[in-house]
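Dear colleague,

Here is the structure I promised to pass on to you.

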Amino acid sequence: MTTARIDARFAALKAEGRAGFVAYVMAGDPSRNEALEILRGLPAAGADIIELGFPFSDPMAEGPPIQKAALRGLRAGLTLKGTLDLARVFRDGDADTPLILMGYLNPIETHGYEAFAHDAADAGVDGLIVVDCPPEEAGPLSDALDAHQVSLIRLATPTSDDARLKVIAEGTSGFVYYVSVAGVTGAKEAVAGDVAPAVERVRAASGLPVAVGFGIKTPERAAEIARVADAVVAGSVLVDEVAAALTANEPAAARVLAKVRALSDAVKGARPLKSV
């Protein structure tokens, strides 16, 4: 297993004394070409790590914004294969930014674990987050990813007790994604006071950086979370900008990248409460 790009990025962030900003966008939203423009623009706009969602018809953990983004991506024809093609084009122009695929197990099973792991590695993907694949069911997928040096990044939640965190930490590499609120994406706002002790527990259990997502909608909230986490993830607020651009008949990339700049600037300007 290698996590070279991910490890290098978190090492650089630690040296800078700040948290990272992780931008989530949906492949094919609102079209393949516009999604590629957004993807290519994310690093310059301030994204330290990118999560690229692959569209799925039943995204059970998502609130309405990402549900709608997935449907737009499907209408644009972005299957899992199309998402991997998009990732490959991005990687051809960017050798350094960690790229994580995020989505659901069904499309991966349909693709085939071994074929998916091979194709993901070939496309320059660094890691995978599968929302609906618990550790107990992840063995075959994890083995395939290990063979092709793609990290499996697991989710921890507010209900993960110490025993569960040990299970989550086994086989996880790169970082742990902490879901800061109970419920679906975009439904509630994360609260730094609640997140801080949870991040410490996850970090202690895993020995890995902790990225906090779900419920981060404003620069102010992003800065608060950045003071207690290793990275801050924003997703729903970015896909909302795609929807707003479509309503206003405006180019989506400009709106999304402007929001990324505002959030990433807030994260970069926040200093941690203590060294991470």
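Gln149 is placed in the loop between helix H7 (139–147) and strand S5 (151–152), where helices (H or I, at least four residues) and strands (E, at least two) are DSSP runs, numbered from the N terminus. The model is a predicted one, in which local features need pLDDT of at least 70, side-chain atom pairs count only at pLDDT 80 or more, and totals for chains, interfaces and linings use all residues. Residues are numbered from 1 along each chain as its sequence is written, and side-chain values use heavy atoms, with hydrogens and water left out.

Most residues other than glycine have a negative phi, and most peptide bonds are trans. Gln149, although not a glycine, has a positive phi of about 60°, and with a relative accessible area of 45% this residue is partly exposed (buried means under 20% relative accessible area, exposed over 50%, partly exposed in between, with a 1.4 Å probe and protein chains only). Asn249, which is not a glycine either, has a positive phi of about 55°; this residue lies in the loop between helix H11 (236–248) and helix H12 (252–269), and at 74% relative accessibility Asn249 counts as exposed.

The peptide bond from Asp29 to Pro30 is cis, with omega near 5°, and Pro30 belongs to the loop between strand S1 (20–26) and helix H2 (32–45).

Finally, in helix H8 (residues 162–169), Leu165, Ile168 and Ala169 are buried. Seen down the axis of H8, the directions from the helix axis to the C-beta atoms of the buried residues fall within an arc of 95°, so these residues line one face of the helix. Ala163 and Lys166, on the other side of H8, are exposed.

Best wishes
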